[in-house]
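Hi,

Here is the structure I said I would pass on. Have a look at it first, and then read my notes below.

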Amino acid sequence: MDAVALRGLLENWLHTVCQGVPEQVVRLYAVDGILIGTFAKNIKQGRAQLLPYFRYFMGRKGLCGRVDSFIPQFFGGLGIASGVYTFYWVNEKGMPVEAQARYSFVFKPTPRGWKILNHHSSAVP
């Protein structure tokens with residue numbers, strides 16, 4: 001794993017979010033993966049808890065996003081990606097909306113490829 005591969009995992013997550021199928025996004029997480037989501041009141045752990053969150057989050061019309069900054073780190077075989085991303089969508093009145101958030105992802109290797117072990121996202125104040 002290097003910075004280019006780690007950036008690829010992050011971009012793949014974002015691309016999958018933009019495709020609009022929550023079940024596909026959830027498959028990118030480890031079975032016991034943790035999400036501290038931007039729009040979540042509680043910490044989510046495990047795919048059964050992640051799926052309702054992503055159904056809610058991805059229910060926004062035209063939801064997609066971009067990576068604004070990326071800081072790679074590596075520790076004990078894990079890849080850690082931190083930075084800022086921006087999501088954009090169209091609200092109920094047809095107006096464009098943007099929300100910028102800080103993120104950190106911890107990716108771990110598994111027999112089924114790299115999976116997200118921990119994901120924290122918080123809105124930029």
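A quick definition to begin with: helices (H or I, at least four residues) and strands (E, at least two) are DSSP runs, numbered from the N terminus. This is a predicted model, where local features need pLDDT of at least 70 and side-chain atom pairs count only at pLDDT 80 or more, while totals for chains, interfaces and linings use all residues. Residues are numbered from 1 along each chain as its sequence is written, and side-chain values use heavy atoms, with hydrogens and water left out.

First, the overall layout. The protein chain has 3 helices and 6 strands, and from the N terminus on they run α-α-β-β-α-β-β-β-β. The C-alpha trace spans about 45 × 30 × 25 Å along its principal axes. The radius of gyration (taken over C-alpha atoms) is 14 Å, which agrees with the value near 14 Å that a compact globule of 125 residues would have. That rule is 2.2 Å times the number of residues to the power 0.38.

Some 39% of the 125 residues are buried. Buried means under 20% relative accessible area, exposed means over 50%, and partly exposed is in between (1.4 Å probe, protein chains only). The chain exposes about 7,000 Å², with carbon and sulfur atoms supplying 56% of it; accessible areas come from the Shrake-Rupley method with a 1.4 Å probe, and for residues only the protein chains shown count as cover. Contact means heavy atoms within 4.5 Å. Among contacts between residues at least 6 apart in sequence, 48% join residues at least 24 apart.

Now the inside. A nonpolar core is a set of buried Ala, Val, Leu, Ile, Met, Phe, Trp, Tyr and Cys residues joined through side-chain atoms within 4.5 Å. The largest one has 29 residues, and W13, Y29, F54, F87 and F105 touch the most other members. Helix 1, helix 2, strand 1, helix 3, strand 3, strand 4 and strand 5 (96-110) each supply at least two residues of this core, and the largest share, 6 residues, comes from helix 1. In soluble globular proteins, nonpolar side chains tend to be buried together.

Leaving aside neighbours within four places in sequence, F87 is in contact with W13, L14, V17, F57, L63, C64, G65, V97, E98 and A99. Helix 3 (residues 47-57) is worth a look too: L50, L51, Y53, F54 and F57 are buried there. The buried residues of helix 3 pack against several elements, including helix 1 (3-19), strand 1 (29-36) and strand 4 (78-90).

What does a search for disulfides in the whole structure find? There is 1, a disulfide being a pair of cysteine sulfur atoms within 2.5 Å. C18 and C64 form it, with their sulfur atoms 2.0 Å apart. The torsion about the S-S bond is about 100°, so the disulfide is right-handed. C18 lies in helix 1 and C64 in strand 3, so the pair ties together parts that are 46 residues apart in sequence. C18 is partly exposed at 22% relative accessible area, whereas C64 is buried at 19%.

T86 sits in strand 4 and is buried, with a relative accessible area of 2%. The T86 side chain makes a polar contact with the side chain of D68 (2.4 Å). H119, in strand 6 (residues 113-123), counts as buried at 2% relative accessibility, and the H119 side chain makes a polar contact with the side chain of Y29 (2.7 Å).

Last, the outside. P111 lies in the loop between strand 5 and strand 6 and is exposed, with a relative accessible area of 91%. The C-alpha atoms of P111 and Y29 are separated by 13 Å, although the two are 82 residues apart along the chain.

Cheers

How values were computed
Polar contact = N/O pair within 3.5 Å; in protein donor to acceptor, adjacent residues only side chain to side chain.
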